[in-house]
Amino acid sequence: MENTLDVAAIQLNSRDDLAHNLAACRTWIARASERGAKLVVLPENFAFFSADTGRRRVAESLSGEPGPIRRALSEWAREFSVNIVGGGFPEASPDPDRPFNTCAVVAPSGELVASYRKIHLFDVDLADGTRLRESEATAPGLAPVVVDVNGFKVGLSICYDLRFPELYRALVDQGAEVIVVPAAFTLHTGKDHWHVLLRARAIEAQAWVVAAAQWGRHPRERLTYGHSLVVDPWGTIVAEASDGVGMVLGRIERDRLDDTRQRLPSLRHRRL
């Protein structure tokens, strides 16, 4: 059993240009690998950030012949010998107008080892006038997913999932020790809620949290908050990205996880 896992959360400013976005991803994965990362987390919409019709156009299946996104993830994982969490991209669903928003995990062998379809979809009218209806162009997933990465149990989630603690309880029930949160959190909500929610999920799950975010201005005047970060099981932010494109590095430590769960055994005290 591994005692540490070096991780990188990549912060991007993706747009509606698949080739441009994939090139940016490769650049940052290469830099993360050079710095020793063994798990690299890409944000939601890492490959394509655009209007609903654009998502349908680039949606691809995770079975059969790989499309450009899945093929790129596999190639990068092999080339740089890293595990990659492809934070959220359009996966073809039975409804061609509503692809899934899917998080894919690829091992250093290039094999797709797990995928999670975003359960909670972001349908809101924000105070700044932004109107978002993710469910109009996205089909929801149904089940939580935990996958083994270098001996650590990693729970998968995407962006708006962060507001639903019952999902993270389910991930812990499946053994999660690390939780990843790829996101494209809006600027309006992120400045008030991003840090609070991520720290709360780490504290209540007594798990490490690795959050990779989009940052800046995107098509359709979408503004995202950024501030990718790593939180320890006590709820302490151990690494955080500033504004701009970049990455944040952290080391997941099993000793800190075990110590937190032993000193404050709240997971064992649950009664409901």
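Which residues touch the most other members of the largest nonpolar core? They are Leu156, Trp194, Val210 and Ile252, in a core of 52 residues, where a nonpolar core is a set of buried Ala, Val, Leu, Ile, Met, Phe, Trp, Tyr and Cys residues joined through side-chain atoms within 4.5 Å, and buried means under 20% relative accessible area with a 1.4 Å probe and protein chains only. This is a predicted model, in which local features need pLDDT of at least 70 and side-chain atom pairs count only at pLDDT 80 or more, while totals for chains, interfaces and linings use all residues. Residues are numbered from 1 along each chain as its sequence is written, and side-chain values use heavy atoms, without hydrogens and water.

- Leaving aside residues up to four places away in sequence, Val210 touches several residues, including Val7, Val41, Leu229 and Ile252, with contact meaning heavy atoms within 4.5 Å.
- A second, separate core of 29 residues has Leu18, Leu22, Ile69 and Ala104 among its members.

**Helix 4**
- The buried residues of helix 4 (residues 165–173) are Leu167, Tyr168, Leu171 and Val172.
- Because these residues cover an arc of only 140° around the axis, judged by the directions from the helix axis to the C-beta atoms, they lie on the same side of helix 4.
- Their cover includes strand 5 (112–117) and helix 5 (187–205).

**Cysteines**
- The whole structure holds 0 disulfides, a disulfide being a pair of cysteine sulfur atoms within 2.5 Å.
- Cys25 is in no disulfide, and the nearest cysteine sulfur, that of Cys103, is 13 Å away.

Technical notes:
Buried means under 20% relative accessible area, exposed over 50%, partly exposed in between (1.4 Å probe, protein chains only). Helices (H or I, at least four residues) and strands (E, at least two) are DSSP runs, numbered from the N terminus.
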